Amino acid sequence: MKIAEALQIVSRTHPGMVRAHNEDSIGVEAMCGLVVLADGMGGYNAGEVASGIAVSVMATEIAQRLQHANPIDLDAASHEELAVALLRANIQKANTSIFHASQSQPQYAGMGTTIVAGLFYDNRVAVGHVGDSRMYRLRDEKLAAVTRDHSLLQEQIDSGMISVEDARFSKNKNLVTRAVGVDAQVIPEIHVHEVRVGDIYLLCSDGLNDMVTDQDIEAVLYSMQGNLPLAAEQLIQMANDNGGRDNVSVMLVKVLGDFSEPRNWRTKLLDWFKK
Amino acid sequence: MAAKLMLGMDGAHIKDYPLSKERMTIGRKASNDIVIDNLAISGEHAAIITILHDSFLEDLDSTNGLSVNGVPTKKHFLQNNDVIEIGKHTLKYVNDQMSQTSAADFEKTMVLREPVKTAVSPVEITEPAAGFTQTQIIPNTPVSPAAERTGKLEQASAAVRLAVVQILTGPNAGKELELVKNLTTLGKPGLQVAVLARRPHGFFITHVEGATFPLVNGQPLSEQPRQLNDHDLIDLAGVKMEFYFKS
């Protein structure tokens, strides 16, 4: 199955109930199975600018490269799969663009963004992220976190200083320890996970998971798995009902069918001739 | 003002200790930051670790232990107005950070450039200069410490009365379903599903999937959610049920 047919992708973004601006940006490249979400920060409209740059760099560069290349090919420079190499290289490229913009234009000084991106290929997903925007997965009725925040709070949880239950009461919730565009260099975290038919992946900004508990997210994704647009709207509505103090963005990716890459010599040869 | 500990005994207030260092120790020996000269207190009894706005209490393997709000504990994430009991003394933790700053400030994602090594005063972690001029809508009502403590996530739902769906027909007739969750699923995903959503201003029924749309008082639902009133009759694929509020 072609990647565009194997995935159903629905996304929604909302400024929330308090903020005047929406500093979140989202991007979908259905033809190559790419979803990107970024949550910007900075004064004036700098947050929007930073997250907008990050999403457009990722979407255009990766889509363009994958027109003539296969994500399972090995990248010549890094000897990784191209899918992984592309995520890493383009998060770094977005970092450079944002950093340069913030250095050269005073109104953009100090801007930055979080990012979470999923590139679906060959019955797998390569996930790259920086900061506290998250990816979750619903499989067999259970919600699991795919990413781990780069935040002070997560570090405190990891060191055993604070329990996951208590973390909701922390006043240090929104301090990220890594962001795109604030320094000359960034180290994205990238992992590859296997994907099953029926899985639902959720990408979200912290405006969702700060306002809605994981149990409620799980309940929505499970009961509304047959109607993704409704599920996306329900999640945003719940965040806003609970106060909506930040911008809320959700992207849902449902795996409808198998999308493994052909590997036998005959199809490879045919592919080769087609190029 | 930063957080502080108020030392007291038998209800009388003795002294305030601002939490000015990343790690402060409590004990009988003079080397501690908070010295309590009493034989029930170990030489080094406990420590308080403060990182930005959060403080953590840790028992340093003391002989007599300690408790917070009456519950014995080894390790505790301190919340405003917690009372630490140590021997006959009490230490009240006061952190009025939330009332000093608008709630919006705490929702704003900020970058922490360096790992926290020493105690950092909250002033040093601020937005870049441009951040101050950003248009912000600050809610009129500051978040009260009490609401903070119980968790904001329950705030909205607590306002709604308890409601029940009683099944009237079919094999489960007579069963009552209390709508205690924010989202209650009726039916089975993949076949026929409707959800009952609990929102701050009431309960809503929404058709999710399936060929037949549920009926409310004989009227089929549209694609839109519909608010439920007391004693509404729901018909979901032939199974009748009644929605009502519990007094």
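Two strands count as paired here if DSSP finds at least two bridges between them. Helices (H or I, at least four residues) and strands (E, at least two) are DSSP runs, numbered from the N terminus. The model is predicted, with local features needing pLDDT of at least 70 and side-chain atom pairs counting only at pLDDT 80 or more, while totals for chains, interfaces and linings use all residues. Residues are numbered from 1 along each chain as its sequence is written, and chains are lettered from A and ligands numbered from 1 in the order in which they are written.

Let's start with a sheet in chain B. Its five strands run in the order S4-S3-S5-S6-S9, and together they form an open sheet with mixed pairing. Strand S4 (34-35) and strand S9 (75-77) of chain B are at the edges with a single partner strand each, so one side of each has no neighbour in the sheet. Further in, strand S5 (residues 46-51) and strand S6 (residues 54-59) of chain B are joined by six bridges in the antiparallel sense. Among these two strands' residues, B:Ile51 has B:Asp54 in S6(B) as its bridge partner.

Taking residues as in contact if their C-beta atoms, placed from the backbone, lie within 7 Å, 42 residues of chain B touch 48 residues of chain A. H2(B) gives the most, with four residues. By class, the side of chain B that touches chain A has 22 nonpolar, 13 polar and seven charged residues (Ala, Val, Leu, Ile, Met, Phe, Trp, Tyr, Cys and Pro are nonpolar, Asp, Glu, Lys and Arg charged, and the others, Gly among them, polar).

Strand pairing also links the two chains: strand S8 (residues 175-176) of chain A and S12(B) pair in the parallel sense over two bridges. There, A:Val176 stands opposite B:Val111.

Most residues other than glycine have a negative phi. A:His79, in the loop between helix H2 (46-67) and helix H3 (82-104) of chain A, is not a glycine, yet has a positive phi of about 60°. A:His79 counts as exposed because it has 8 C-beta neighbours inside 10 Å (exposed means 12 or fewer other C-beta atoms within 10 Å, buried 20 or more, and partly exposed in between, with C-beta atoms placed from the backbone). B:Asp10, in the loop between strand S1 (4-9) and strand S2 (12-18) of chain B, has a positive phi of about 50°. With 7 other C-beta atoms within 10 Å, B:Asp10 is exposed.

Methods:
Contact = placed C-beta atoms within 7 Å.
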